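Colleague: I have a model open and have not looked at it before. Can you walk me through it?

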Amino acid sequence: MKKAVLGGAAVATLLAALFAPEDEGSIVGPATATTRQVERVAPPPLVAATAAPQTNRALAIEPRRGLDDEEAATLFAKQSWQPETPKKIMLDQQAAQAALPAARVDANAPPPLPFQFLGRFVDEGKAAYFLQAGERNVVARPGDTLEERYRFDGVVQGALQFTYLPLNQKQTLAVGDLN
């Protein structure tokens with residue numbers, strides 16, 4: 001890259017020397033300033049418009065008007081972006097659900113499972129399942145008794161199976177893919 005730049009500079013120097021003027025020994029004199037007289041021209045006279053200017057009422061400035069008592073009262077009122085209709089529908093649905101009789105609870109049915117599935121761990125071919133019961137974390141292996149009322153039986157068709165001991169009834173906890 002440097003060779004190309006140096007070569008280009010050398011060629012430019014040779015061309016400048018070849019085409020230089022042959023006026024040897026002449027010295028260029030100092031530059032002289034010249035002035036020109038500029039003729040001042042008066043600006044054209046302003047012509048008054050004969051037609052009345054058109055006004056746009058939308059852009060007209062009007063005096064400020066005061067707020068009446070109703071507008072002033074609602075100035076800082078609580079406002080919502082939610083339309084009124086869905087609020088009414090939701091209130092009507094809640095009232096209808098409250099009016100329905102409570103579903104019968106079968107005395108022979110076990111309570112819903114108190115466990116949530118958190119994960120699984122396999123160590124030396126033995127699986128351990130991590131569950132959450134309320135605020136506590138529980139590690140369960142097949143055959144373990146949990147909370148003195150449930151026995152963890154194992155995995156059946158992708159769901160954890162428990163036995164509710166007081167009624168000896170099976171319950172399952174669907175967990176999805178256990179891979």
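Colleague: Where is E124 found?

Modeller: E124 is in the loop between β1 (115-123) and β2; strands are DSSP runs of E with at least two residues, helices are runs of H or I with at least four, and both are numbered from the N terminus. This is a predicted model, where local features need pLDDT of at least 70, side-chain atom pairs count only at pLDDT 80 or more, and totals for chains, interfaces and linings use all residues. Residues are numbered from 1 along each chain as its sequence is written, and side-chain values use heavy atoms, with hydrogens and water left out.

Colleague: What is the phi of E124?

Modeller: Near 55°, which is positive, and E124 is not a glycine.

Colleague: Is E124 buried or exposed?

Modeller: E124 is exposed, at a relative accessible area of 77%. Buried means under 20%, exposed over 50%, and partly exposed in between, with a 1.4 Å probe and protein chains only.

Colleague: And E148, what is its phi?

Modeller: About 60°, again a positive phi in a residue that is not a glycine. E148 sits in the loop between β4 (145-146) and β5, and it counts as exposed at 75% relative accessibility.

Colleague: Back to the strands. In what order do the three strands of the open sheet come?

Modeller: The order is β1-β2-β3, with antiparallel pairing. Two strands pair if DSSP finds at least two bridges between them. β1 and β3 are at the edges with a single partner strand each, so one side of each has no neighbour in the sheet.

Colleague: New topic. Which residues touch the most other members of the largest nonpolar core?

Modeller: F115, L131, L146, F152, L160 and F162, out of 15 residues in that core. Such a core is a set of buried Ala, Val, Leu, Ile, Met, Phe, Trp, Tyr and Cys residues joined through side-chain atoms within 4.5 Å. The largest share, four residues, comes from β2.

Colleague: What is L160 in contact with?

Modeller: Leaving aside neighbours within four places in sequence, the contacts of L160 include F117, Y129, L131, F152 and V175. Contact means heavy atoms within 4.5 Å.

Colleague: And the whole protein, how many helices and strands?

Modeller: Three helices and seven strands, in the pattern α-α-α-β-β-β-β-β-β-β along the sequence. Of its 179 residues, 13% count as buried.
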